[in-house]
Amino acid sequence: MASSEEDGNGNGSVEEKENGKKRSLGALATAWLIFYNIAMTAGWLVLGIAMARFYIQRGTHRGLFRSVQKILKFFQTFALLEVVHCAVVHTSVLVTGVQVSSRIFMVWFVAHSIKQIQNEESVILFLVVWTVTEITRYSFYTFNLLNHLPYFIKWARYNFFIILYPAGVAGELLTIYAALPYVKKTGMYSLRLPNKYNVSFDYYYFLIIVMFSYIPLFPQLYLHMLRQRRKVLHGEVIVEKDD
């Protein structure tokens with residue numbers, strides 16, 4: 001799910017827990033993670049400024065995606081490094097991989113590939129949500145790594161998602177829904193029988209499956225973030241049930 005926020009250390013903190021014990025990251029790993037998070041904060045900030053400038057100058061959202069797509073594609077694809085970071089900060093490779101790949105899927109295989117939907121308001125909706133979310137998230141990680149986390153950043157990290165998360169999911173789902181007629185008409189990314197591989201794949205039905213996957217995933221991830229919010233901001237002890 002593209003709009004989901006991974007919780008915990010994500011891109012690392014100076015100290016992380018391993019088997020109930022705190023373990024300090026090495027100086028080189030910490031320096032790299034600080035650089036990475038500063039770069040990503042700056043990248044999404046540049047994207048946000050570019051979006052605001054475009055709308056102020058043009059007075060319309062039409063053409064906005066095309067104007068900022070290079071910056072978006074670069075920094076969102078660059079986030080693949082977070083899967084590699086899992087080896088350093090010991091977070092879930094599966095969870096991080098799904099979150100990063102779902103974002104890349106939305107950028108490259110939906111918004112980029114189906115140009116007819118690039119001016120949809122839903123595209124602008126998830127772009128705005130992603131931008132605010134990522135500026136908040138990466139600045140949170142940066143200050144956390146520096147051991148100087150301002151309360152406002154911490155507060156924003158665990159409050160903005162209450163509105164941004166559902167809004168982002170709505171934007172993504174509406175965008176995929178808008179893409180369905182074009183995918184069905186063109187047969188893009190689909191493989192029909194007969195063919196030499198003797199395999200069929202229908203991208204249209206794949207997108208429908210992706211949309212339905214939000215139904216079980218969204219409540220679980222949203223409730224998880226609410227529990228983390230209570231724990232971090234209000235000091236509640238949350239007992240997670242084993243599966």
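Asn-147 lies in the loop between α5 and α6 (151–157). The model is a predicted one. Helix α5 covers residues 121–145, and 18 of its 25 residues are buried. The count of salt bridges comes to 4, and a network of such bridges links Glu-82, Arg-103, Glu-134 and Arg-137. The loop between α7 and α8 holds Pro-194, which is joined to Leu-193 by a cis peptide bond. The second largest pocket has a volume of about 190 Å³.

**Helix α5 and the residue after it**

- With 25 residues, α5 reaches 36 Å from its first C-alpha to its last. This is close to the 36 Å expected at 1.5 Å a residue.
- The helix is mostly covered, with 18 of 25 residues buried.
- Just after α5, Asn-147 takes a positive phi of about 60°, a value found here in a residue other than glycine.
- Asn-147 is exposed, at a relative accessible area of 56%.

- Glu-82 pairs with Arg-137 in a salt bridge, and the closest N and O atoms are 3.6 Å apart. Glu-82 belongs to helix α3 (residues 81–89) and Arg-137 to helix α5, so this pair ties together parts that are 55 residues apart in sequence.
- Both Glu-82 and Arg-137 are buried.
- Arg-137 also meets Glu-134 in a salt bridge, at 2.8 Å from N to O. Glu-134 and Arg-137 are 3 residues apart in helix α5, a separation of about one helical turn.
- An α-helix has 3.6 residues a turn, so residues three or four places apart point the same way.
- The relative accessible area is 3% for Glu-134, a buried residue. For Arg-137, also buried, the value is 7%.
- The network of salt bridges that includes Glu-82, Glu-134 and Arg-137 also takes in Arg-103.

**Loop between α7 and α8**

- The peptide bond between Leu-193 and Pro-194 is cis, with omega of about -5°. Pro-194 is found in the loop that runs between α7 (161–186) and α8.
- Arg-192 and Asp-202 form a salt bridge through their side chains, at 2.8 Å from N to O. Both residues are in the loop between α7 and α8, so the pair ties together parts that are 10 residues apart in sequence.
- Arg-192 is partly exposed, with a relative accessible area of 46%. Asp-202 also counts as partly exposed, at 23% relative accessibility.
- Asn-198 has its place in the loop between α7 and α8, and its phi is near 55°, a positive value in a residue other than glycine.
- Asn-198 is exposed, with a relative accessible area of 62%.

**Second largest pocket**

- The volume of the second largest pocket is about 190 Å³. Its lining has 11 residues, and the closest to the pocket centre are Met-1, Ser-102, Val-210, Ser-213 and Tyr-214.
- Two helices, α4 (93–112) and α8 (203–234), each supply at least two lining residues. The most comes from α8, which gives 5 residues.
- By type, the lining of this pocket divides into 9 nonpolar residues and 2 polar ones, with no charged residue.

Conventions: Residues are numbered from 1 along each chain as its sequence is written. This is a predicted model: local features need pLDDT of at least 70, side-chain atom pairs count only at pLDDT 80 or more; totals for chains, interfaces and linings use all residues. Side-chain values use heavy atoms; hydrogens and water are left out. On a 1 Å grid over the protein atoms alone, a cavity is a set of points where a 1.4 Å probe fits but cannot get out, and a pocket is an open set with protein on both sides within 12 Å along at least five of seven lines; lining residues have an atom within 4 Å of a point. Grid points are joined across faces, edges and corners, and a volume is the space filled by probe spheres set on the points. Helices (H or I, at least four residues) and strands (E, at least two) are DSSP runs, numbered from the N terminus. Ala, Val, Leu, Ile, Met, Phe, Trp, Tyr, Cys and Pro count as nonpolar, Asp, Glu, Lys and Arg as charged, and the others, Gly among them, as polar. The expected span of a helix is 1.5 Å times one less than its number of residues. Buried means under 20% relative accessible area, exposed over 50%, partly exposed in between (1.4 Å probe, protein chains only).
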